[in-house]
Structures are given as C-alpha cells and as structure tokens.
Amino acid sequence: MTTQNGAIVITGGAGGMGLAVARSLAGSGDLVLADLRVSQLEEARKVLATSGVQAQTIECDVTVGDDVASLSNLVSRLGGLRALVHTAGVSPKMAGGRRVLEVDLVGTARMLEALLPLALPGSAAVCIGSIAGYADVAPDVEPLLDDPLRPDFLDVIEAALAQPLDGPTGYVLAKRGVMRACERLSGAWAERGGRTVSIAPGLIDTDMGRLEMEGDELMALMIAATQVKRAGHVPLPGRPEDIAALAAFLCSEEASFISGCDIRVDGGLMGNGRHLLQPG
C-alpha cells in the first residue's frame, strides 16, 4: 500500500491483532488507533514508536454514538478515510449474547455508517468477522441481522430466537451479520470509490483466542482439525500477522477488484471440518 492522503483507522488498536495490523500498514498513511482502553492505547503507541511507527490514538467505544462521532471528526480533519480495519470486538466468554451483538455487530454498523461519508476514492473498509459466521442460522432470523441500527434491534433478535441469546449464539449472529453487512454495503461504498470486505479468522493466537480456549473441549478438536501446522505456533495455530497481512493487501491497490465478500483465514479448518462431518 503506497502512501496516500487520508486516515488509516484501526479499531481495537490496543489489542494484539490491532498492533499487528498497524505494523502491516505502517508508512502508508496517517495511522489512527482507536480503542476504549486509554492506558493500553498509550502503551501500544509507545511500542509502535520504538520500531519507528507513528500513530495517533483516540478513545472510542464503538457502541457509543458520541465516541464514534469524535473518531469521525478526527478522520475528517486528517483529510478523509483511506482505510478502516475494524478489529474491535468481544468474544462469547467476555460478555452475554446481547452485549456481544451490541459490540460486534451494532458497533460495526455504527463505524461503517459514520465513516462512509468520509471514504476517499480507493478506500477500503475491512471488518474482522469469524468462521463462527458460517454456522447455521435460522432462515427467519438471518434477514433480521440486516438492520442492526434499529432502536429495538436486540429485542427483535431475542424474540425471534428459539433458544436463549447466550454469548455463543450472539457471537454467531454477530459475525454472520458482519459478513452480510460487508456484502450489503459494498454498493454504497462503491459509489464513493471504496470497497467493503470481511475477514473470517480461524483459531488465532491472541489473548481473546486463548481466553476462549480455556476449558473448551471443542477448541481442542478444532485445533486438531486445522490442517496447516507450523512449528512453534501454540497453543493456537494462527498468528495475528496472518490476519494483518491480508488486511494490508485488501487495503492496497492490488486488491482494488475485491469487494462485497468474506475471506476465510483459518488454516483449512472450515474445509477440513466439513469433510470430516460428511457421512460415510
């Protein structure tokens, strides 16, 4: 990605994946790290500075309208949006189903809505989803995920479910909604010369990934089913840099014909898992 005008916004910028993305996009524009953890944002800025990477930071809870507006104003002052890599989110063990939906899907929708008017020609919005988004979702529930900014969205989803809205259920719905949003909004972004793409990571070795792994027998089976094995990459087989490298590519001119789709980065887990589940 060559240096161009405009801001490169990385939400969840204080996390392991956010830092990896910042490094991958260093030198390509004005880096802005957004996160709700102020002290960790400052630590992230210092860590990047030691390797010569300069970044601005801004406190932002993606579920709070005023915070998103403040971020939008900063992007405007920097000349518009060159790229968004939206890594902010919570996992099933971090919150209940409603909160997971609020952060991971409603927060994503807020970011995309606020930054769309600032998108520059050639810009890209890359949203981090999950392979969880490929799990089965009831046909009558799935279309409801397309209106996450309606005031009663969480109530509507909960009422439509035939099961409790717990953390895992909320996570599946949120990540399916992120995939659908990047498909649905690709036309609106194209009108401004931009693109929208989602990435579905598999088992990535971050603090969040390790938290989900604790005491979870299914995670052990998923690790075993991940086909790509690399020496030394434990306990989880994927690296934040795997996601960051793809994000950097998707934000580059070389990816200018990729939009409105989801890309899996899972070491073959989904494909192998489907094969293992086939009868016979």
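Predicted model: local features only at pLDDT ≥ 70, side-chain atom pairs only at ≥ 80, totals over all residues.
1. Helix H10, which spans residues 240-250, is mostly covered, since eight of its eleven residues are buried; buried here means under 20% relative accessible area, with exposed meaning over 50% and partly exposed in between (1.4 Å probe, protein chains only). Helices (H or I, at least four residues) and strands (E, at least two) are DSSP runs, numbered from the N terminus. The buried residues of H10 are Pro-240, Asp-242, Ile-243, Ala-244, Leu-246, Ala-247, Ala-248 and Leu-250. Their cover includes helix H1 (16-25) together with the strands E4 (81-86), E5 (119-128), E6 (195-201) and E7 (261-265).

2. Residues are numbered from 1 along each chain as its sequence is written, and side-chain values use heavy atoms, with hydrogens and water left out.

3. Helix H4 (residues 97-115) and helix H5 (residues 153-160) pack at an angle of about 125 degrees, and their axes are 11 Å apart; axes are lines fitted to C-alpha atoms, for helices over the stretch in contact, and angles run from 0 to 180 degrees between N-to-C directions. H4 and H5 are therefore oblique to each other, given that angles under 35 degrees count as roughly parallel, over 145 as roughly antiparallel, 65 to 115 as roughly perpendicular and the rest as oblique. The crossing of H4 and H5 is right-handed, a term used if the near helix is turned clockwise from the far one by less than a right angle, while anticlockwise gives left-handed.

4. On the H4 side, Arg-98, Leu-101, Glu-102, Leu-105 and Val-106 meet Phe-153, Leu-154, Asp-155, Ile-157 and Glu-158 of H5, where contact means heavy atoms within 4.5 Å. By class, this contact of H4 with H5 has six nonpolar, no polar and four charged residues; Ala, Val, Leu, Ile, Met, Phe, Trp, Tyr, Cys and Pro count as nonpolar, Asp, Glu, Lys and Arg as charged, and the others, Gly among them, as polar.

5. Glu-102, which lies in helix H4, counts as partly exposed because its relative accessibility is 25%. The side chains of Glu-102 and Arg-99 are joined by a polar contact of 2.9 Å, that is, a pair of N or O atoms within 3.5 Å, of which, within protein, one must be able to donate a hydrogen and the other to accept it, and residues adjacent in sequence count only if both atoms are side-chain atoms. Leaving aside neighbours within four places in sequence, Glu-102 is in contact with Thr-63, Gly-107 and Leu-154.

6. Glu-142 sits in the loop between E5 and H5 and is buried, with a relative accessible area of 18%. Its side chain makes a polar contact of 2.9 Å with the side chain of Arg-176. When neighbours within four places in sequence are left aside, Glu-142 is in contact with Val-137, Arg-176 and Arg-180.

7. Cys-60 belongs to the loop between strand E3 (55-59) and helix H3 (65-77), and Cys-60 is buried, with a relative accessible area of 5%. Apart from neighbours within four places in sequence, Cys-60 is in contact with Ala-34, Asp-35, Leu-36, Asp-67, Val-68 and Leu-71.
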